[in-house]
Amino acid sequence: MNRALMNLWYRFGTPPWVLGPREELMSFVQARALRPGRALDLGCGEGDNAIFLAQRGFEVTGIDFAPAALAKARAKAERAGVAVRFVEGDLADPAGLRGIEGPFDVLVDFGTFDDLDARQRARCLDNVLPLLRPGGRVFMFCFEWQPRWWERLVGALVGAAGMVRPGEIEERFAGRFRLDCVERKRTDRTLIPATAVYLMTARENAR
Ligand SMILES: C[S@@+](CC[C@H](N)C(=O)[O-])C[C@H]1O[C@@H](n2cnc3c(N)ncnc32)[C@H](O)[C@@H]1O
């Protein structure tokens, strides 16, 4: 979505994905499939996942292009009494990650990658993967299904369709990552019929 619209949404409302730290991420941390280290939360929004990770011993940086989201995230972190670095930046802009220094042990993407259009997805990976250390992990939650005719139309008109198609994540990360786990779920919601969670580990040559 357009940055200005997204910012207005955060500024004057509460987007529907602001639901506190998300179960899908918490379960991986609680099971120690994700262990404390330096974490970068891509499209951190109001910061609930970033704050959860900080409370579990991660050193967290959250990046988002919506300053209104970051203002709320900073206030929440302060109320929670944890230190999280929140940075304004555009994941799809080569200069957007200026000031963020790797290496990170974990990249967390909860529902951001699937919001990007195809060109932004490629640029985002070009920007963030060099920040991950060899052996580092990527946690990704995304909407995932084969786009229906109206979603293909929306995608053609506005660029991003809001979901990844089955197989896309494997293709985009192929060779550079080991796929440790993928959990796919169907829902009973017409608009969001399925979700997926990926956990991947960077091979030595992930760059
Ligand atoms: C669906 S929301 C998810 C937010 C958060 N991860 C959560 O789970 O609450 C996607 C987030 O990505 C941010 N975003 C979208 N495109 C972005 C971009 N190109 N660069 C940085 N942030 C972006 C949006 O502002 C929004 O906060």
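A caution before the details: the model is predicted.

Let's start with helix 4, residues 67-80. How far apart are its end C-alpha atoms? They are 20 Å apart. At 1.5 Å a residue, its 14 residues should span 20 Å, so the two values agree.

Now the inward-facing residues. Ala68, Ala69, Leu70, Ala73, Lys76 and Ala77 are buried in helix 4. Note the lysine in that list, Lys76. What do these buried residues pack against? Two helices are involved, helix 1 (3-12) and helix 3 (48-55). Two strands are as well, strand 2 (59-64) and strand 3 (85-88). After helix 4 comes Gly81, with a positive phi near 75 degrees.

Take Leu70 from that helix. Its relative accessible area is 1%, so Leu70 counts as buried. Away from its sequence neighbours, Leu70 touches Cys44, Gly45, Asp64, Phe86, Val87 and Glu88. Gly47 sits 23 residues from Leu70 along the chain, yet their C-alpha atoms are separated by 7.4 Å.

On to helix 2, residues 23-30. Its buried residues are Leu25, Met26, Phe28 and Val29. They cover an arc of only 160 degrees around the axis, so they lie on the same side of helix 2. The general point behind this is that an α-helix has 3.6 residues a turn, so residues three or four places apart point the same way. And what covers that side? The cover includes helix 3, strand 4 (104-110) and strand 5 (132-143). It also includes strand 6 (177-186) and strand 7 (194-202). Helix 2 is followed by Arg32, again with a positive phi, this one near 60 degrees.

Next, the cores. In soluble globular proteins, nonpolar side chains tend to be buried together. Here, the largest nonpolar core has 28 residues. Which members touch the most others? They are Leu40, Leu107, Phe113, Val128, Ile169, Phe173 and Phe177.

Look at Leu40 up close. Beyond four places in sequence, Leu40 touches Thr61, Ile63, Ile100, Phe104, Val106, Leu107, Val108 and Leu131. There is also a second, separate core, of 27 residues. Its members include Val29, Phe52, Val84 and Val197. Val29 we have already met, among the buried residues of helix 2.

Now the ligand. How many residues surround it? The count is 18, and the closest are Tyr10, Gly43, Asp64, Asp90 and Phe110. A polar side-chain atom of Tyr10 lies 2.6 Å from a ligand oxygen. Thr112 also places a polar side-chain atom by a ligand oxygen, at 3.3 Å. Gly43 uses its backbone: an N or O atom there lies 2.7 Å from a ligand nitrogen. Asp64 is one of the closest residues, and Asp64 also touches Leu70.

Last stop, Glu144, in the loop between strand 5 and helix 6 (149-158). Is Glu144 buried or exposed? Its relative accessibility is 5%, under the 20% cut-off, so Glu144 counts as buried. What does its side chain pair with? Another, at 2.4 Å, joins Glu144 to the side chain of Tyr198. Other residues in contact with Glu144 include Met163, Val164, Arg165 and Pro166. Ala194, Thr195 and Ala196 are in contact with Glu144 too.

Notes. Residues numbered from 1 in each chain as written. Predicted model: local features only at pLDDT ≥ 70, side-chain atom pairs only at ≥ 80, totals over all residues. Heavy atoms only, no water. Helix = DSSP H or I, 4+ residues; strand = E, 2+ residues; numbered from the N terminus. Expected span 1.5 Å × (residues − 1). Buried < 20%, exposed > 50% of the residue type's maximum accessible area, 1.4 Å probe, protein only. Contact = heavy atoms within 4.5 Å. Arc of directions from axis to C-beta. Core = buried A, V, L, I, M, F, W, Y, C linked by side-chain atoms within 4.5 Å. Near = heavy atom within 4 Å. Polar contact = N/O pair within 3.5 Å; in protein donor to acceptor, adjacent residues only side chain to side chain.
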